[in-house]
Amino acid sequence: MQVLRVTGGTRLAGSVDVVGAKNSVLKLMAAALLAPGETTLGNLPAISDVTIMRELLERLGCQVAESADGAVDRVTITTPEAINPEAPYELVRKIRGSIAVLGPMLARTGRAKVALPGGDAIGSRPLDMHFAGLERMGADIRTEHGYIVAEAPDLRGASIWLDFPSVGATENIMTAAVLAKGTTVIDNAAREPEIVDLCRMLVSMGAQIGGIGSSTLEITGVEELHGTTHHAVPDRIVAGTWALAAVATRGDVTVRGANATHLEIALDKVVRAGGEVEVLADGFRVAQADRPRSFDVVTLPYPGLASDLQPQAIAALSVAEGTAMITENLFEARFMFCDEIARMGADVRTDGHHAVVRGRERLSGAPVRATDIRAGAGLVIAGLVAEGVTEVAEIHHIDRGYVRFDEQLRGLGADVERVESDSFGG
């Protein structure tokens, strides 16, 4: 088993690059199923989730190849006229984002059989809103033998209200609606930059979508779509991770390729912690001269603070001056991370969907395990501000969301290495 061995005490300084958002790229790849022919996607991150989605598309009948110039961050997806309507369990179970093929497959073939998805263990993420929206459009959906089976020979537009602005439900309903007959209105739709990114790609494929970026999307179905070329939006979660790592380590980090407007609340927290934020033409810079000050965190759908930044924030707050209240409104199991960082001496107490973090001067290195992508990043940050050595196990989670995380950290001066370990904790 590989672990990340982190030796604490280093201040991060330098520049890092951010590429396309995992939470967008997987959905863009799935959307290529909507149009026969070639779709080229750029700014893709070299992470394991993209590899799995590539394998899934190939199983559905697509050809996926790196661009002719050999660019590893750009692929061309060739979608056939007839696609295989079954997404197998052995691939779908690995990543939650694979559920994004449901809408496009249903729209293209009138039938979809998709294994119930896997992904991070951060709490329940029910598919009820996905199903209810598609059923409003005329789909018949059932689950059998671990698969979602959806049939809709004649999808039609409908008015759909989401009880919660679910990103996944918005995506699946939208990708089904672009080829449905009539107009679909999605009220209380998700507004994340990744949703806007998908909308823009669909429009470039010939879709008709109004209200992009708002909580009400109006989609008028068209007869067919065509391939396109699209550049994925930057990964705001990775960018926010670097910002919070700079705060925790009292560092000075320039994040290139990021969009600061997608992180307004997160960067405001950096300022509250005593950091300096400089917005640049191609990203931003975070400089933290002194021990950070505590700040409260409330996770909410965009434009609120992303739940995916909560563990990294707790890592910074664990060595901050003062006491912070964390309120987790999205994923009830996200606080599994707190049990691990507590092994490093962090003073974190949880109660339901609240946590109280009392900052300490320093943490102490310990063997810990990543329970999800962002918990892994948070534990590495904690290791950077701990005395001694921290070994983070189950780093396959980190590799699902971060491109060469250990290499980029070393580029900022951190003492981090990927090593083989015979057992948990080395």
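Predicted model: local features only at pLDDT ≥ 70, side-chain atom pairs only at ≥ 80, totals over all residues.

Student: OK, how many aromatic pairs does the structure hold?
Tutor: Two. Rings of Phe, Tyr and Trp (its six-membered ring) pair if their centres lie within 6.5 Å; planes under 30 degrees apart count as stacked, over 60 as edge-to-face and the rest as tilted.

Student: Where do Trp242 and Phe405 sit in the chain?
Tutor: In distant parts: Trp242 is in helix H8 (residues 236–248) and Phe405 in helix H14 (residues 405–411), 163 residues apart. Helices (H or I, at least four residues) and strands (E, at least two) are DSSP runs, numbered from the N terminus.

Student: And why is the pair of Tyr402 and Phe405 called tilted?
Tutor: Because their planes are at 40 degrees, with the ring centres 4.8 Å apart.

Student: Are Tyr402 and Phe405 buried or exposed?
Tutor: Both are buried, and Trp242 is buried too. Buried means under 20% relative accessible area, exposed over 50%, partly exposed in between (1.4 Å probe, protein chains only).

Student: Switching to charges: what sits over the ring of Tyr147?
Tutor: The charged end of Lys113, 5.0 Å from the ring centre. The rule is that NZ of Lys or CZ of Arg is within 6 Å of the ring centre and within 35 degrees of the ring normal.

Student: How many salt bridges does a search of the whole structure find?
Tutor: It finds 29. A salt bridge is a side-chain nitrogen of Lys or Arg within 4 Å of a carboxyl oxygen of Asp or Glu. Take Asp282 and Arg256, whose closest N and O atoms are 2.9 Å apart. Asp282 is in the loop between strand E16 (276–280) and strand E17 (283–287), while Arg256 is in strand E15 (residues 252–256), 26 residues apart.

Student: How about Arg334, which residue does it form a salt bridge with?
Tutor: Asp308, with 2.6 Å between the closest N and O atoms. Arg334 lies in the loop between strand E19 (323–327) and helix H11 (336–342), and Asp308 in the loop between strand E18 (297–298) and helix H10 (310–317), so the pair ties together parts that are 26 residues apart in sequence. Arg334 and Asp308 are both buried.

Student: What about Lys269, does it count as buried or exposed?
Tutor: Lys269 is buried yet has no salt bridge; Asp268, the nearest side chain of opposite charge, is 5.3 Å away. For charge, Lys and Arg count as positive and Asp and Glu as negative; His and the chain ends are not counted. Lys269 is found in helix H9 (residues 264–272). Leaving aside neighbours within four places in sequence, Lys269 is in contact (heavy atoms within 4.5 Å) with Phe295 and Asp296.

Student: New topic: why is helix H12 described as largely enclosed?
Tutor: Because twelve of its twelve residues are buried. Among them are Ile373, Arg374 and Leu384.

Student: How far apart are the end C-alpha atoms of H12?
Tutor: They are 17 Å apart, which agrees with the 16 Å that the twelve residues of H12 (residues 373–384) should span. The expected span of a helix is 1.5 Å times one less than its number of residues.

Conventions:
Residues numbered from 1 in each chain as written. Heavy atoms only, no water.
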